[in-house]
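We'll go stop by stop.

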Amino acid sequence: RVPNAPPDGEVAQGEIRTTGEIQVLVGTRFVDPADIQYSGLAPSLIGVWQINVRIPEWVAPSDAVDFVVLYRSRLSNLQNGTVLKTTIAVRQ
């Protein structure tokens, strides 16, 4: 739930940020909170949660780097007891 979200089926007008602490795990480490640039509803898209994260230099280039979000004690890669694998591609 995002405070001040538009009604279901409507586009977010501008930035509507999530509240509370968010953590992002890239590879095997959490990124510095300062590198999480935005977390909230994606402007101009319906029902999309957008997270902008600067990928730290310590992340080695790879086609499949693990990516997990921890928000309000919930892991983005756990759904109904099933572990999901989410990866991003990192280039130099």
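Which strand gives the most to the lining of the largest pocket? Select strand 6, with its three lining residues (strands are DSSP E runs of at least two residues, numbered from the N terminus). A word on ground rules: this is a predicted model, where local features need pLDDT of at least 70, side-chain atom pairs count only at pLDDT 80 or more, and totals for chains, interfaces and linings use all residues. Residues are numbered from 1 along each chain as its sequence is written, and side-chain values use heavy atoms, with hydrogens and water left out.

Stay at the pocket and pick Arg1, Val2, Thr18, Leu41 and Trp49, which lie nearest its centre among 24 lining residues. A pocket here is an open set of points on a 1 Å grid over the protein atoms alone, where a 1.4 Å probe fits, with protein on both sides within 12 Å along at least five of seven lines; lining residues have an atom within 4 Å of a point.

Strand 4 (residues 36–41) joins strand 5 through five bridges, and you'll see Tyr38 opposite Asn52.

Now click Ser44, in the loop between strand 4 and strand 5. Its phi is near 75 degrees, positive although the residue isn't glycine. Last stop: Arg72, in the loop between strand 6 and strand 7, with phi near 50 degrees, also a positive value.

Conventions: Helices (H or I, at least four residues) and strands (E, at least two) are DSSP runs, numbered from the N terminus. Two strands pair if DSSP finds at least two bridges between them.
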